[in-house]
Amino acid sequence: MTLARFRRAVRANPQDPAALHGLGVALAQAGDRPGAIRCLRAALALYPDFAGGWANLGHVLLENHQPAEAAAAYRQVLARSPPTAAAQLDLAYALRAAEQDPSAAFAACLALAPDHPEALAGLARCQVRQNRHAEALANFRRAAAVAPDQPVHRWNAALSALALGDAAGWRDYEARWEFPGLARTLPSPRWTGAEPLAGRTILLWAEQGFGDAIQFIRYAAPLAARGAALLLEAPAPLLRLFARIAPSIAQGEALPAHDFNCPLLSLPLACGRAPNTPFLSPDPAEAERWRARLAGLPGRRVGLVWAGAARPGDAAGMRHDRARSVPPALLAPLLTVPGVSWVSLQKPAVADMVMTHDWTAELTDFAATAALLAGLDLVIAVDTAVAHLAGALGRPVWLLCQWNADWRWTPQATEIPWYPNMKIFRQPSQGDWPSVLAAVAAALQTDA
């Protein structure tokens, strides 16, 4: 029946739940979600035991960015009909979108369909958020075995394996190249670690964020020691810093001739064990100028980064940044520690922050930031590129770490092999920044 016919049926009998339901479905298909929700709710008020109507209402509510209400509708489906794996999965997705715990719904789906790959992966993602990486790894691997055409399951398995310190995870990490749009065609073959490099030129290229590029440029020196000529490709803000290692070109520029290429995060698989810090250095003259300026600050000179980069328009990225960032209102226990001169490393600058010296307008690239860090006694940072930079320079750095942090910060650890000069202050429970800041404040006074 067409939309017009459903409208006529409802006008003829406004108390007909079938007509109201049909009009709601037709409106949803036409893109009128608010109208669809009104009609579906009206139909269900007349016929509340219609499980299919509750399911359709849940679908439209979820599409209309009302996940908590969608979850309530899906619970009505389960209450009014025999439970199915599909209904449990619908509930799990709605709960996840509402930022509620969907673990029980995913587990209920698996009780009905033990090899459901999306439920296996969904439960595994819940376990990751709970720092239960061993269980998550097992479920991701089960999902990958059931759905081998879905590389995301191998990718997620890699992250849990790496969080557990299992270097075998680097093999599954290569699954990222099977994601749509990520593969890159270059004129040279990929270097796998087996090909001789003496007398050859290898292009190392940044593929992810600034912090990732900084962390894995550590492999440049070992490749040069094998006799390779290095060529580095990176985002413009990293060029001056990386140029101290090897000739560097900006992303998007024409590539000079080279024999092999390797993305930076494929180097652990190709090369094995990572070299220790430091593996980056600032320009000596630039660093000396900063030391001279910082010399006038009294007490201990400590740099501070309390937030990640905002990602407007990216809902997942914004959730990640909220989780890893410290609300400025909570910083008082740090900023009132006696004997510390605080140097803001937060970009963009925050005008109303007190007790900080802010020269971030002069930090036009990571080479400039590296020069400033060289003159600080300590860097305190949340999970950002600045934390990686301080680690790569061999500077003392304290990481303010969310409870279920990225794989590289190794759950529950206070020190990590990537940066021996880093100490981790981790949330004891999800979102508990006050405990972290109190611990850091106490450590500052103890180490003073």
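At what angle do helix α4 and helix α5 pack, and how far apart are their axes? Helix α4 (residues 51-63) packs against helix α5 (residues 67-80) at about 165°, with the axes 8 Å apart. This is a predicted model, where local features need pLDDT of at least 70, side-chain atom pairs count only at pLDDT 80 or more, and totals for chains, interfaces and linings use all residues. Residues are numbered from 1 along each chain as its sequence is written, and side-chain values use heavy atoms, leaving out hydrogens and water.

**The α4/α5 packing**

- The angle makes α4 roughly antiparallel to α5 (over 145 degrees).
- Residues in contact (heavy atoms within 4.5 Å) include W54, L57 and L61 of α4 and A70, Y74 and V77 of α5.
- The residues of this contact divide into 11 nonpolar, 3 polar and 2 charged; Gly counts as polar, while Asp, Glu, Lys and Arg count as charged.

**Aromatic pairs around W170**

- Rings of Phe, Tyr and Trp (its six-membered ring) pair if their centres lie within 6.5 Å, and planes over 60 degrees apart count as edge-to-face; the count comes to 16 aromatic pairs.
- W170 and W407 form an edge-to-face pair, 5.5 Å centre to centre with 85° between the planes.
- One aromatic cluster is formed by W155, W170, Y173, F179, F216, W407 and W418.

**Burial**

- W170 is buried (under 20% relative accessible area) at 6%.
- W407 is buried at 6%, and W418 is buried at 14%.

Conventions. Axes fitted to C-alpha atoms, helices over the stretch in contact; angles between N-to-C directions. Helix = DSSP H or I, 4+ residues; strand = E, 2+ residues; numbered from the N terminus. Parallel < 35°, antiparallel > 145°, perpendicular 65-115°, else oblique. Phe/Tyr/Trp six-rings, centres within 6.5 Å; stacked < 30°, edge-to-face > 60°. Buried < 20%, exposed > 50% of the residue type's maximum accessible area, 1.4 Å probe, protein only.
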